[in-house]
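Work through the exercises below with the model open beside you. Try each task before you read its solution.

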Amino acid sequence: MQGKSRPPATVGEAIQRMDAYVALGLIGQQEVAQALGVNVTDLTCLGHVLGAGEEPLSAGDLAERANLTTGAVTGVLNRLEKAGYAHRVPDPGDRRRVRVVADPDAAARLVELYGPFYARLEQVFARYTPEETAVIADWFAHAAEAARAHLDALRAR
């Protein structure tokens with residue numbers, strides 16, 4: 001596949017388009033969270049728990065990935081357990097720690113809600129060559145690093 005010629009865009013235009021996408025994403029996250037009966041922070045944490053797959057996260061790992069304090073993660077886990085989306089299990093290597101395991105139905109509910117969106121994104125990615133997709137993936141990885149650094153700087157103020 002050959003990449004399509006696209007009109008030039010400035011960094012400012014690209015940032016404006018990113019801002020529009022992020023704003024829609026925030027609203028979408030709120031809608032999904034509401035459909036699940038949780039808040040956006042809990043949904044984000046549930047996503048990290050599910051993303052960990054067969055190697056359950058410790059509560060501390062979850063706190064780090066979600067950029068939350070361990071105290072805040074305790075509240076998140078209490079709510080996710082109460083809602084039936086996840087539960088704590090003892091860490092087999094360290095009895096002082098717990099691991100977080102998603103309820104199997106939680107993954108199915110998220111796939112039901114996110115599946116159509118991901119299918120649309122796959123259609124968008126089909127417009128790009130594998131090399132262009134690699135650039136997009138690289139950009140997102142570096143943008144996430146920049147976002148994390150900015151969040152750390154905001155919290156340090």
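## Exercise 1: Asn67

Step 1. The cut-offs are under 20% relative accessible area for buried, over 50% for exposed, and partly exposed in between, with a 1.4 Å probe and protein chains only.

Step 2. Place Asn67 in the chain. Asn67 sits in the loop between helix 3 (59-66) and helix 4 (70-83). Helices (H or I, at least four residues) and strands (E, at least two) are DSSP runs, numbered from the N terminus.

Step 3. List the contacts, meaning heavy atoms within 4.5 Å. Leaving out residues up to four places away in sequence, Asn67 touches Arg148, Leu151, Asp152 and Arg155.

Step 4. Look for a polar contact. That is a pair of N or O atoms within 3.5 Å; within protein, one must be able to donate a hydrogen and the other to accept it, and residues adjacent in sequence count only if both atoms are side-chain atoms. The side chains of Asn67 and Arg148 form one, at 3.2 Å.

Step 5. Check the backbone. Phi of Asn67 is near 60°, a positive value in a residue other than glycine. Most residues other than glycine have a negative phi.

A note on the source: this is a predicted model, where local features need pLDDT of at least 70, side-chain atom pairs count only at pLDDT 80 or more, and totals for chains, interfaces and linings use all residues. Residues are numbered from 1 along each chain as its sequence is written, and side-chain values use heavy atoms, with hydrogens and water left out.

## Exercise 2: Asp91

Is Asp91 buried or exposed, and what does its side chain reach?

Step 1. Asp91 lies in strand 2. At 6% relative accessibility, Asp91 counts as buried.

Step 2. Its side chain reaches the backbone nitrogen of Gly93 at 2.7 Å.

Step 3. Beyond four places in sequence, Asp91 touches Arg97, Val98 and Arg99.
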